[in-house]
Amino acid sequence: MKRIAAAGAAALLIAVGACQEAETEPPERNPAEAEAEATGPAAMVRTRQTHYKAIGKSMKAIGEQLDAPRPSVQEIRMEAAQIAEAAPQVLTWFPPGSGAETGLETRAKQEIWGDPQGFRRAAERFIQVSETFHDVTMTGDLAAIRAAREELGGACKNCHDDFRAPEE
Amino acid sequence: MSEARRVRIWDWPTRAFHWAIVCLVPLLWWTAEEEMMDRHRLLGLVMLGLLAFRILWGLIGSSTARFSTFLRGPRAVWAYLGGRAAHVLGHNPLGGWSVAAMLAALTVQVSLGLFASDEDGLVTGPLARFVSYDVAEEIAELHEAWFDVLLVLIGLHVAAILFYAIIRRRDLVGPMVTGRGTEPGGAAEMRPAPRWRLVLASALAAAFAWWIAKGARL
C-alpha cells in the first residue's frame with residue numbers, strides 16, 4: 001500500500017513537473033511568426049507586397065469604374081490619389097538584401113540591385129505617370145482619364161517586365 | 001445482318017462547332033502565353049458564345065447532336081464496353097460521356113476566366129467586378145491550373161480517335177468533317193433540325209455572350 005502511494009505521489013510530481021516544464025518552454029516557431037519577426041531588409045518584402053496589392057486593388061477598382069454605365073470620377077480620383085501617394089515610396093521598398101536572399105517568397109529580380117539606374121528610371125516614370133493620372137482625374141474628362149489609365153498601365157508594365165520575375 | 005451504308009451522321013452546325021473549338025483552344029492558350037490579353041479576352045468570349053450554342057443545340061438540335069441521344073445510362077455504357085453495343089448513330093455511350101466531360105471542362109475554364117484578374121488589376125474578365133481583387137487573383141490561378149485538366153481530356157479524346165483508327169480501323173475524323181460516315185446498319189437515321197432552330201440557338205448564344213461581355217448588367 002505504501003509503495004503504491006509513493007509511486008502515485010512520484011507520478012503526480014513528475015506530471016506536475018512536466019506541465020511546468022511545458023509552460024516555460026518557448027512555443028514552436030511557425031513560418032508566419034518567423035516572417036513577422038524578420039527584421040531589416042526581409043521585413044520590407046512583406047511591406048512592399050502589401051503596398052503593391054493595394055495598388056493592384058486600386059487599378060482594378062479604376063477599371064471597373066471606367067467600365068460602368070455611369071463612371072464615378074470621384075471614386076476614380078480617390079484611387080488615383082492612393083496610387084500617386086504610393087508611387088514615390090517604391091524606391092524605399094527595395095533595400096539591398098531584400099531580394100531572394102531573404103529566403104522569403106519574392107518576385108523581385110536581382111536586376112533591381114544589379115541595374116540601380118534602370119530601376120530608378122522605371123520607378124521615377126511610375127511616380128510621374130501616376131501624378132499625371134491623378135491630375136487628369138481632376139479634370140473629370142472621361143476620355144482623357146481612359147487614355148491616362150492606359151499610360152499608367154504601361155508604366156506598371158514597364159517596370160515589371162524588367163524587374164519582376166514571372167509567376168511560377 | 002444489315003449491310004453497311006453511307007449515311008448522314010453529324011449536321012453542319014455540330015461539325016462547325018467542333019472544328020471551331022479545335023482552333024480556339026490552341027489560340028486561347030497561345031494568346032495567354034504571349035500575354036496578348038485583349039485577344040485572349042475576345043477569343044474567350046467567342047468560346048463562351050460557342051459553348052452556349054452547343055448546349056442549346058444539344059437540347060434542340062439534330063438528333064445526333066442532342067444530349068438525350070448520346071448521354072446514356074450506366075447499363076448502356078457497360079453493355080458497350082462488353083461489346084454488346086446497340087446500333088446507335090453518332091456517339092457511342094462512352095464517347096457521349098467524354099463529350100459531356102469536355103464540354104463541362106471547357107465551360108468551367110471559360111467561367112473562371114470571366115471572373116479572373118491579373119495581379120496588377122489591369123487585365124480583368126468582364127465579370128471580375130463581382131468579386132474582390134483577392135478572389136479574382138485566386139480565380140486567375142485556378143483558370144491557369146484548370147487548363148491541365150483540359151489537356152488531359154483532350155489527350156484522351158485524341159487517343160480514343162487514334163484507337164478507333166488504328167485498332168478498330170474506323171475513321172471518326174472523316175464523318176466529323178463531311179458529316180457522312182459508314183453505318184454498320186440498323187441504326188435510326190439522323191433527324192436534322194429545322195433552320196429556324198439554328199437561327200434561334202445562334203441568336204440566343206450570341207446575345208448571351210454579348211451580355212456577359214458587357215459585364216452582365218441588368
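1. Chain B meets chain A through 16 residues on each side: 16 of chain B are in contact with 16 of chain A. Contact here means heavy atoms within 4.5 Å. This is a predicted model, where local features need pLDDT of at least 70, side-chain atom pairs count only at pLDDT 80 or more, and totals for chains, interfaces and linings use all residues. Side-chain values use heavy atoms, without hydrogens and water.

2. About 1300 Å² is buried between chain B and chain A. Carbon and sulfur atoms give 47% of that area. Buried area is the accessible area (1.4 Å probe) that two parts lose on being put together, summed over both. In chain B, the residues losing the most area to chain A are B:Asp120, B:Leu122 and B:Tyr133; together they account for 41% of what that side buries.

3. Five salt bridges cross the interface of chain B and chain A. The rule asks for a side-chain nitrogen of Lys or Arg within 4 Å of a carboxyl oxygen of Asp or Glu. The side chains of A:Lys57 and B:Asp134 form a salt bridge, at 3.8 Å from N to O. By class, the side of chain B that touches chain A holds seven charged, five nonpolar and four polar residues. Asp, Glu, Lys and Arg count as charged; Ala, Val, Leu, Ile, Met, Phe, Trp, Tyr, Cys and Pro as nonpolar; the others, Gly among them, as polar.

4. Chain A has seven helices and zero strands. Helices (H or I, at least four residues) and strands (E, at least two) are DSSP runs, numbered from the N terminus.

5. Of the 168 residues in chain A, 30% are buried, meaning under 20% relative accessible area (1.4 Å probe, protein chains only).

How values were computed
Residues are numbered from 1 along each chain as its sequence is written. Chains are lettered from A and ligands numbered from 1 in the order in which they are written. Buried means under 20% relative accessible area, exposed over 50%, partly exposed in between (1.4 Å probe, protein chains only).
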